[in-house]
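Notebook open, model loaded. I'm jotting down what I looked up, one topic at a time.

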Amino acid sequence: MVRNAESEPSSNDASASLCDMMADLPPLLLGTYTPKIDAKGRMALPAKFRSQLGPGMVMARGQEHCVYLLPQMEFRRIAMQIQRTSMGNRAAREYLRVFLSGAVDQDPDKQGRVLVPQMLRDYANLGNDIVVIGVGTRAEIWNRQAWEEYLADKEQGYSDIADDVLPAVEF
């Protein structure tokens with residue numbers, strides 16, 4: 001059987017398709033960093049996160065008393081998803097109020113620093129000793145001691161819950 005070269009995708013076409021798909025995905029924030037918060041409440045963004053978060057980002061209250069740091073488009077996606085929930089859903093209304101009332105637009109300064117507002121520093125008990133972790137489409141800012149305690153508590157169950165959280169993913 002003779003194959004027509006034009007009918008079969010080339011490896012270049014497959015690479016281009018993969019690149020197109022990757023371009024449509026939100027940034028993937030990974031890793032653990034330990035910047036400091038200065039006396040004015042500013043934090044230097046980890047260099048790897050600066051381009052991924054983009055020029056406009058949003059800080060908001062996160063779960064477990066951390067601060068979320070999200071690219072603006074990801075924040076909008078999450079807010080729209082919550083708003084689509086029925087206004088008759090009390091839990092959705094309450095969550096939206098707390099989430100949006102604690103959200104603040106941020107733009108890094110020329111040195112790549114962002115101000116962590118006092119309200120959010122109080123919420124997450126942030127002093128100058130913090131940890132910034134990448135959690136896929138967002139970063140989280142934690143009080144360093146709280147993060148270390150959380151991680152120590154959750155690491156034991158990490159393997160145990162893998163089958164429940166990742167049933168179709170094979171490593």
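Is His65 buried, exposed or partly exposed? I looked up the accessibility: His65 comes out at 48% relative accessibility, so it counts as partly exposed. My cut-offs are under 20% relative accessible area for buried, over 50% for exposed, and partly exposed in between, with a 1.4 Å probe and protein chains only.

A note on what I'm working from. This is a predicted model, so I take local features only at pLDDT of at least 70 and side-chain atom pairs only at pLDDT 80 or more, while totals for chains, interfaces and linings use all residues. Residues are numbered from 1 along each chain as its sequence is written, and side-chain values use heavy atoms, with hydrogens and water left out.

**Overall layout**

I counted six helices and eight strands in the protein chain. These are DSSP runs numbered from the N terminus: helices are H or I with at least four residues, strands are E with at least two. Read from the N terminus, the order is α-β-β-α-β-β-α-α-β-β-α-β-β-α. The chain has 171 residues, and 30% of them count as buried. I also checked contacts, meaning heavy atoms within 4.5 Å. Of those with a separation of 6 or more, 61% join residues 24 or more positions apart.

**The S3–S4 loop**

Back to His65, which sits in the loop between S3 and S4. Its phi is near 60°, a positive value in a residue other than glycine. Glu64 lies in that loop too, between strand S3 (57-61) and strand S4 (67-71). I found a positive phi for Glu64 as well, near 55°, and Glu64 is not glycine either.

Who touches His65 from elsewhere in the chain? Ala124 does; leaving aside neighbours within four places in sequence, Ala124 contacts His65, Cys66, Val67 and Asn143. Ala124 is in the loop between helix H5 (118-123) and S7. With a relative accessible area of 4%, Ala124 is buried. Ala124 and Asn143 are 19 residues apart in sequence, yet their C-alpha atoms are 6.6 Å apart.

**Cores**

Next I went through the nonpolar cores. By my rule, a core is a set of buried Ala, Val, Leu, Ile, Met, Phe, Trp, Tyr and Cys residues joined through side-chain atoms within 4.5 Å. The largest one has 19 residues, and those with the most contacts inside it are Met43, Met59, Leu69, Val116, Leu126 and Ile141. Helix H2 (47-53), S3, S4, strand S7 (130-134) and strand S8 (139-143) each supply at least two residues of this core. A second, separate core has 13 residues, including Ala60, Leu70, Phe99 and Trp142.

I followed Leu69 further. Not counting residues up to four places away in sequence, Leu69 touches Met43, Leu45, Leu53, Met57, Val58, Met59, Arg138 and Ala139.

I looked at Lys48 in helix H2 as well. At 59% relative accessibility, Lys48 counts as exposed. Lys48 and Leu30 are 18 residues apart in sequence and 8.8 Å apart, C-alpha to C-alpha.

**Aromatics**

How many aromatic pairs does the structure hold? I get six. Rings of Phe, Tyr and Trp (its six-membered ring) pair if their centres lie within 6.5 Å; planes under 30 degrees apart are stacked, over 60 edge-to-face, the rest tilted. Tyr95 and Phe99 make a stacked pair, at 5.7 Å centre to centre with 20° between the planes. They are four residues apart in helix H4, so about one helical turn separates them. Tyr95 is partly exposed at 33%, whereas Phe99 is buried at 2%.

**Lining of the largest cavity**

H4 gives the most, with three residues.
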